[in-house]
Structures are given as C-alpha cells and as structure tokens.
Amino acid sequence: MTPSDGYLLDNQQNEAGRRFDAFATLFDPTTFRHLEHLGAGPGMRCWEVGAGGTSVVSWLAEKAGPSGRVVATDIDTSRLTPAGRPPVEIRVHDVGAEEPPGEGFDLVHARLVLVHVPDRDKALRSMIKSLRPGGRLLIEDADPALQPLLCPDEYGPEQRLANRLRRGFRKLLADRGADLSYGRRLPRLLREAGLHGVQADAYFPVTSPACTALEAATVRQIRDRLVAAGLATDAEIDQHLANVETGGMDLATAPMISVWGHKA
C-alpha cells in the first residue's frame, strides 16, 4: 500500500461520527484552553484546517461573533454542514496541495491533521503564509511512536491482543504516508519556519469512557483493512471488540502534542 491509497479514516465511513464525538470529549478542553490563551475573541479571522466535525468550528464561531470570520476547510466537508452559517464559511480544501483560502488570518488551528497529510511541510508553510503579522498558529498532532500502546499496562491476554491490533493500525497508517513521530518535531519545525514565542505541551488520556468509545469506533472503521492486510482475523477483532465493550480495560491514546507560536 502507498499514500495514494487515500485516507484510512475518511469522513464518509459509518463510524466517523462516533470518532469525532470521542475526539471532542477527549481533546476539546485542551484545544479550547489553548485557543483562549491565544486570544480567540470577537472580530477574529480564523481558519480551522481539516475541521472534520463541528465542535471546534462552532466554538470559534461563538468566540468570533458576527464581526468575525471562521473559514472551516476539509477534503470532505460532509459533517460540517450543521455549522455552516455566519460567521462560518465552509470550503472543500486540501491543505497539502492547494493555496490557503485567504490571507490575513488572526488565528489558524489544525488538530490531528498534519500527521496524515503526505506533503505536511507544504501544508505547514501554507498555514503560516495565511497568517497576518502577529497572527497565531496552533498545531495539535498525535505522536503514536512516542507512546505506541493501546494498553500501557499489558498484564493479560486481552491487553496483549489490544496492543497487537494497535500495531496493525499503526502499520496501516504508516503505509498510507502518516508520520507517526511528527508531533515531537513540531516545536522545532515552527521555530525553523520563523515563528516566534514557540511553546508546546502534551495531553495523554490513559483511561476514560471516551477512550473506549474511540477504540471501538476506530477498530470497526478499519476492520476490513486489518483483515485484508493479514494483520488480524475477524475472530480476533470480534474478541477485541467484546473485550473493549466490557468497559474494564484501561485504553490510552497516543499523546497529542499542542504547539503554538506567532508570526513576526
């Protein structure tokens, strides 16, 4: 498989909505804290890159108010429709291949996007280009290589199966061009791109109902790919889903690294 095979977790699949809901529960508080710190407020011009679902877009729209502007882009905007009213403008856009949808943005944000973009260097340059002088950039991306386990406490057969399937998932991502160690490089990349005041932190949920919901939705979304690639059998996937749905497993996510800075 090659990156040309397409995005593994596209928005059209049945489980995508459940994954977006889990991401919102897990990561919105961290994202909103950073956006507040970066000054999200009335009249701001914002670009939400690879928006996917509506939670961050709707939050930015409320902060920006009627005098602001929020451009929400994705290669598939089908799940953004409920947020498509002023000040929100929805556009189909490939951040790794197209020019930015405007310039002079006060704030640009992307969450769990660049790790999946084949030309992520171009995408990062595009986002920086779109900022006004003094504009702020917030990139939040996972680093699955930094913490690769679904079950950090691998104490039994259920946890060993879970971690083996997670290795299969990581292989599918890597085969499609995902950079599984991208998050840790973001502070350096933002500094090298000329941004000022670069800072970063990381959030790492270890166990919660949202982690459980995210794992179940993800495995259902990729099960055919896992089986086709010989990385798991249907019986193993059924057993893992049954184990997950007991609610008794401590399931983690990869660390999400948040990095921010401003344009001179």
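Start by selecting helix 1 (residues 16-37) and helix 2 (residues 55-64). Helices here are DSSP runs of H or I with at least four residues, strands are E runs of at least two, and both are numbered from the N terminus. The two helices pack at an angle of about 30 degrees, with axes 10 Å apart, and are therefore roughly parallel to each other. Axes are lines fitted to C-alpha atoms, for helices over the stretch in contact, and angles run from 0 to 180 degrees between N-to-C directions. Under 35 degrees counts as roughly parallel, over 145 as roughly antiparallel, 65 to 115 as roughly perpendicular, and the rest as oblique.

You're looking at a predicted model, where local features need pLDDT of at least 70 and side-chain atom pairs count only at pLDDT 80 or more, while totals for chains, interfaces and linings use all residues. Residues are numbered from 1 along each chain as its sequence is written, and side-chain values use heavy atoms, leaving out hydrogens and water.

Now look along the pair: helix 1 passes helix 2 in a right-handed crossing.

Next, click Asp28. Is Asp28 buried or exposed? Asp28 is buried, because its relative accessible area is 7%; the cut-offs are under 20% for buried, over 50% for exposed and partly exposed in between, with a 1.4 Å probe and protein chains only. Beyond its neighbours within four places in sequence, Asp28 is in contact (heavy atoms within 4.5 Å) with Phe23, Ser55, Val56 and Arg111.

The structure holds four aromatic pairs, and Phe23 with Phe27 is a stacked one, 6.0 Å centre to centre with 25 degrees between the planes. Rings of Phe, Tyr and Trp (its six-membered ring) pair if their centres lie within 6.5 Å; planes under 30 degrees apart are stacked, over 60 edge-to-face, and the rest tilted. These two Phe residues sit four residues apart, about one turn of the helix, and both are buried. An α-helix has 3.6 residues a turn, so residues three or four places apart point the same way. Select Tyr203 too: Phe23, Phe27 and Tyr203 form one aromatic cluster.

Then bring up helix 6 (residues 209-228), which packs on helix 1 at about 155 degrees with axes 9 Å apart. That makes the two roughly antiparallel. Contacts on the helix 1 side include Ala22, Phe23 and Leu26, and those from helix 6 include Leu214, Ala217 and Gln221. This crossing is left-handed.

Back to helix 2 for its buried face: Val56, Val57, Trp59, Leu60, Ala61 and Ala64. The buried residues pack against helix 1, strand 1 (45-49), strand 2, strand 3 (88-92) and strand 4 (105-111). Just past the helix, Gly65 has a positive phi of about 70 degrees. Its C-alpha is 5.3 Å from that of Pro42, 23 residues away along the chain.

Most residues other than glycine have a negative phi, and most peptide bonds are trans. Pro86 and Pro87 are joined by a cis peptide bond, with omega about 10 degrees. Leu112, in the loop between strand 4 and helix 3 (120-130), has a positive phi near 55 degrees.

Terms used
Left-handed = near helix turned anticlockwise from the far one by under 90°.
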